[in-house]
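Please walk me through this structure, beginning with the contacts of one residue and widening the view from there to the whole chain.

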Amino acid sequence: MTRPAPIVTDDNASFWEAARGGKLVAQGCRECGRLRHPPRPMCPECHSIQQETVELAGTGTVYSYAILHHPRNPAFTYPVIAVLVDLDEGVRIVSNLVGVEPADVRIGAPVHVTFETTADDMAVPVFEPDGPPA
Ligand SMILES: [Zn+2]
């Protein structure tokens, strides 16, 4: 069983299309240049609706995390670690942390993006630590 596919909307279609291709992107405002995530129609800074898709490096640090205990879904591998990652470009993203035991997760740890396949041949970005556990 694989993860459920993400729900694609007009606003987030470019994000999920990039993820399917193994790329992490954010929306960039064409007026003021601010990057934003999650995708939405208007810039929170200058209210412009002119936007572009900007590819990100996929590197950042753990801002915070939580271990999800229940209810369990057979489509996921446990433990599931929900993580907030501060990406190097200044965007914060909600994701999962993989390849690490919950006891070894550290706030501020450097992480990088990888992708997990979902149903419907799509993919979701998840993050794994850069190095061995501290
Ligand atoms: Zn703007």
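Ala119 is in contact with Thr2, Arg3, Pro4 and Ala5, leaving aside its neighbours within four places in sequence, where contact requires that the C-beta atoms of two residues, placed from the backbone, lie within 7 Å. The model is predicted, so that local features need pLDDT of at least 70 and side-chain atom pairs count only at pLDDT 80 or more, whereas totals for chains, interfaces and linings use all residues. Residues are numbered from 1 along each chain as its sequence is written.

Ala119 is exposed, because 12 other C-beta atoms lie within 10 Å; a residue counts as exposed at 12 or fewer such atoms, as buried at 20 or more, and as partly exposed in between. Ala119 is found in the loop between S7 and S8, strands being DSSP runs of E with at least two residues and helices runs of H or I with at least four, numbered from the N terminus.

Strand S7 (residues 110–117) pairs with strand S8 (residues 123–129) in the antiparallel sense over seven bridges, pairing being assigned if DSSP finds at least two bridges between two strands. Val111 has Pro129 in S8 as its bridge partner. The two strands form a hairpin with five residues between them, and Asp120 in the turn has a positive phi of about 60°.

Buried residues make up 22% of the 134 residues in the chain.
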